[in-house]
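This briefing covers selected local features of one protein model. Please read the points below alongside the sequence and the coordinates.

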Amino acid sequence: MENIQARCVLICAGDLEISEIPIRENDLVIAVDGGYMYCQLFAIEPDVVIGDFDSLEENSVRQMELAAKEENGGKKRIIRLDPMKDDTDTLAALKFGLEQGHREFHLYGALGGRLEHTMANLQCLLFLKRVGAAGYIWDGNTMTTVIQNETLSFRKEMEGMLSVFAVGGKAEGVVEKGLKYLLDDAVLDENFPVGISNEFIGEKAELTVKNGSLLVILRWD
């Protein structure tokens with residue numbers, strides 16, 4: 001039988017333009033603050049709820065805490081964070097998942113809403129990569145991740161657009177093959193978005209960064 005590594009799934013409180021959130025049997029599911037409302041919408045029972053709960057009404061928080069005590073013998077954990085903290089709710093949830101041994105994170109509801117929250121969540125992808133984990137933000141018809149000193153390969157059936165941005169400093173040795181616009185040993189930095197809106201053309205494609213990190217956005221229709 002195939003051994004499928006358990007993932008950590010975060011359901012956050014940003015915009016969510018999807019009809020379902022796929023959950024595997026052994027996934028650790030974390031509702032991040034107001035993301036608990038999305039869990040209720042999609043009939044998902046989170047294993048952990050983390051946040052300072054500034055985006056939930058106090059009455060909803062009390063009901064959630066009461067339900068946690070009654071359901072499954074109190075198996076569900078509620079972790080209430082001090083609002084006077086350095087970590088965002090999402091970063092605190094990611095650190096919790098890392099402490100549980102997870103290295104693959106899938107985030108929903110992590111974009112849209114307040115721009116500063118979107119920026120913080122994008123930075124969280126770089127944080128995960130630099131501690132040896134991988135993070136993916138899903139939103140409607142897009143998936144966002146970060147790669148570092150590595151190659152991503154795409155099947156020839158891949159459709160849509162690929163955009164890449166340097167994050168955390170210069171990205172050197174950037175190669176894009178099998179796409180409409182080619183790059184060969186290019187250097188990308190954070191003040192010139194040359195990597196936006198490339199296109200898949202029905203060929204096997206590759207994206208490589210030899211030294212540095214790239215924010216990668218896949219978009220399909």
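A polar contact is a pair of N or O atoms within 3.5 Å, where one must be able to donate a hydrogen and the other to accept it. The model is predicted.

**Arg7**
- Arg7 lies in the segment that comes before strand β1 (8-11).
- With a relative accessible area of 6%, Arg7 is buried.
- A polar atom of the Arg7 side chain lies 3.3 Å from the backbone oxygen of Pro22.
- Neighbours within four places in sequence aside, Arg7 is in contact with Pro22, Ile23, Arg24, Asp27 and Leu28, and also with His102, Glu104 and His106.

**Helix α3**
- The buried positions of α3 are Asp89, Thr90, Leu91, Ala92, Ala93, Leu94, Phe96, Gly97 and Leu98.
- These buried residues pack against the strands β1, β2 (28-32), β3 (48-51), β4 (77-80) and β5 (104-108), and against helix α4 (115-130).
- Gly101 follows α3 and has a positive phi, near 95°.

**Aromatic pair**
- The structure holds 1 aromatic pair.
- The ring centres of Phe154 and Phe200 are 5.2 Å apart and the planes are at 65°, so the pair is edge-to-face; the cut-off for that class is over 60 degrees.
- Phe154 lies in strand β7 (residues 142-154), whereas Phe200 lies in the loop between β10 (198-199) and β11 (205-219), so the pair ties together parts that are 46 residues apart in sequence.
- Phe154 is buried, with a relative accessible area of 10%.
- Phe200 also counts as buried, at 10% relative accessibility.

**Cysteines**
- The structure holds 0 disulfides; the cut-off is a pair of cysteine sulfur atoms within 2.5 Å.
- Cys12 is in no disulfide, and the nearest cysteine sulfur, that of Cys124, is 8.6 Å away.
- Cys12 counts as buried, at 2% relative accessibility.
- Cys39 is likewise in no disulfide; for Cys39 the nearest cysteine sulfur belongs to Cys12, 9.8 Å away.
- Cys39 counts as buried, at 0% relative accessibility.

Conventions: Residues are numbered from 1 along each chain as its sequence is written. This is a predicted model: local features need pLDDT of at least 70, side-chain atom pairs count only at pLDDT 80 or more; totals for chains, interfaces and linings use all residues. Side-chain values use heavy atoms; hydrogens and water are left out. Rings of Phe, Tyr and Trp (its six-membered ring) pair if their centres lie within 6.5 Å; planes under 30 degrees apart count as stacked, over 60 as edge-to-face and the rest as tilted. Helices (H or I, at least four residues) and strands (E, at least two) are DSSP runs, numbered from the N terminus. Buried means under 20% relative accessible area, exposed over 50%, partly exposed in between (1.4 Å probe, protein chains only). Contact means heavy atoms within 4.5 Å.
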